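I wanted a quick tour of this one before doing anything else with it. These are my notes, in the order I looked things up.

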Amino acid sequence: RVRFDWYERWLEQAQRMQPGTRMPVVFPDGKSTQQTILEGKAGPQSEAIWAYLSLGPGLPLPDGIGPPKGLVLQVTDKPMLLRTFMPEAGSRAIAVGYPGGVSTAFDAQTCRLSYGWSGNFLDAAPVWDGRGGAPAKLLGTKFWTAPPGCPIATSDSNEPPDFTALRKDPAYGAALPEGQVYDKPKQLRFDGYETDKDGLPTFRYRLDANETNPVKVSERPEPLRNAVAFGVGRRFTLDRPTGKGAWLLAGESSADPRLLDAKGNPLTLDLAALPVELPTADRLIALPQGGDKVILLAVTDAPEGTKWVLQKQNGTWRAMLKLPPAAKAGEVKVGVNVWSPHRDEAALLKEMLSAK
């Protein structure tokens with residue numbers, strides 16, 4: 001472990017060297033995801049980390065982290081990113097704290113934006129204190145949790161993909177029992193992330209990764225908030241080959257969904273014949289989350305012909321966006337705002353939608 005060649009292999013192939021380890025891959029495929037540091041080159045970056053760790057007990061804490069007082073990370077005027085262990089987002093999680101009190105967790109194993117929370121950012125003490133290895137502690141309250149598994153699936157048919165089967169498939173990032181390694185072709189591959197001049201991250205991954213023409217996906221989360229709600233804006237870019245259809249699993253609920261217009265007024269929704277297809281323009285899907293909680297889904301951008309599809313499977317309702325097959329190869333934009341109002345009340349929902 002003190003040899004440089006062992007250390008380099010560990011950064012690139014931790015799972016192969018110790019199957020089941022919680023060590024994340026620092027340089028996937030030998031490439032760095034940090035393009036603004038040392039010209040984005042994995043070699044110089046690994047040497048810099050080696051030099052830093054060589055300081056032993058005298059090494060200074062990274063910029064932005066104060067002395068150990070619970071190791072609380074506080075967001076100031078720019079987003080803060082931390083690759084760490086996160087509850088319900090796994091050992092390859094990337095936590096993002098945005099100014100204004102909204103944070104998200106991205107699971108790089110399943111390429112899933114796992115959840116959002118409001119309040120303060122993180123206490124990293126469980127990860128770093130002593131032997132560490134425990135998930136970081138959220139310093140706030142979750143306002144939204146995404147369905148398990150990768151949210152995007154491709155399809156060559158008119159039928160919705162079986163998201164339940166995909167989320168259990170190791171080819172799409174599902175976990176294997178401790179000590180086992182998946183050695184078959186992967187259909188989902190995380191390609192890292194990049195940040196813009198304001199520090200906002202965009203996560204990139206590929207579907208059908210083992211095929212000649214994979215579907216390339218990027219997702220840029222954006223924090224949303226007003227006086228009566230918190231939320232996350234999900235901005236996707238899909239680069240698809242000709243003829244390839246795609247589906248986005250936007251939300252789930254154990255209770256019947258509702259349909260609202262752009263002002264929050266209820267609309268008639270016939271759930272008798274399934275699946276239900278609906279237009280996306282000026283339509284919001286309301287998904288009850290238990291108690292007085294609800295999630296509102298609103299499409300902000302989508303290619304022409306995109307539909308909402310509501311389907312019930314094993315007692316769970318799914319709200320999915322169905323994108324038409326690509327008429328020609330190239331990029332399309334898809335945007336969905338996920339709002340979590342403080343309560344499921346008609347007047348409050350209208351106030352949230354009228355806020356600027």
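**Entry 1: the whole chain**

I started with secondary structure and got 5 helices and 20 strands for the protein chain. Next I checked the radius of gyration, which is 21 Å, close to the 21 Å from the globule rule for 356 residues, so the chain is as compact as a globular protein of that length. I'm keeping in mind that this is a predicted model.

I also put a box around the C-alpha atoms along the principal axes, and it came to roughly 65 × 45 × 35 Å. Buried residues make up 46% of the 356. For contacts with a separation of 6 or more, I find that 56% join residues 24 or more positions apart.

**Entry 2: the cores**

Which residues touch the most other members of the largest nonpolar core? I got Phe 106, Ile 152, Tyr 205, Ile 285, Leu 297 and Trp 308, out of 50 residues in that core. I picked Phe 106 and listed its contacts, leaving aside neighbours within four places in sequence. The list includes Arg 92, Ala 93, Ile 94, Phe 190, Phe 203 and Tyr 205, and also Cys 111, Arg 112, Leu 113 and Ser 114. There is a second, separate core of 19 residues, and among them are Ala 89, Trp 117, Val 127 and Ala 136.

Most residues other than glycine have a negative phi, and most peptide bonds are trans.

Cys 111 came up already as a contact of Phe 106. Its phi is positive, about 55°, although Cys 111 is not a glycine. I located Cys 111 in the loop between strand S4 (102-107) and strand S5 (112-123). Is Cys 111 buried or exposed? Its relative accessible area is 1%, under the 20% cut-off, so I call Cys 111 buried.

Glu 39 also has a positive phi, near 60°. I found Glu 39 in the loop between helix H1 (4-17) and helix H2 (42-53). With a relative accessible area of 63%, over the 50% cut-off, Glu 39 counts as exposed.

I then looked at Gly 40, which lies in the loop between H1 and H2. Gly 40 is buried, at 12% relative accessibility. Leaving aside neighbours within four places in sequence, I see Gly 40 in contact with Ser 32, Gln 34, Gln 35 and Gln 45.

**Entry 3: the S14–S15 loop**

Where is the cis proline? The peptide bond from Leu 274 to Pro 275 is cis, with omega near -5°. Pro 275 sits in the loop between strand S14 (266-267) and strand S15 (276-279).

Ala 272 is in the loop between S14 and S15 as well. I looked up its accessibility: Ala 272 is exposed, at 69% relative accessible area. Finally, I took a C-alpha distance from Ala 272 to Lys 244, and got 30 Å for two residues that are 28 apart along the chain.

Definitions and conventions:
Residues are numbered from 1 along each chain as its sequence is written. This is a predicted model: local features need pLDDT of at least 70, side-chain atom pairs count only at pLDDT 80 or more; totals for chains, interfaces and linings use all residues. Side-chain values use heavy atoms; hydrogens and water are left out. Helices (H or I, at least four residues) and strands (E, at least two) are DSSP runs, numbered from the N terminus. Buried means under 20% relative accessible area, exposed over 50%, partly exposed in between (1.4 Å probe, protein chains only). A nonpolar core is a set of buried Ala, Val, Leu, Ile, Met, Phe, Trp, Tyr and Cys residues joined through side-chain atoms within 4.5 Å. Contact means heavy atoms within 4.5 Å. The radius of gyration is taken over C-alpha atoms; the globule rule is 2.2 Å times the number of residues to the power 0.38.
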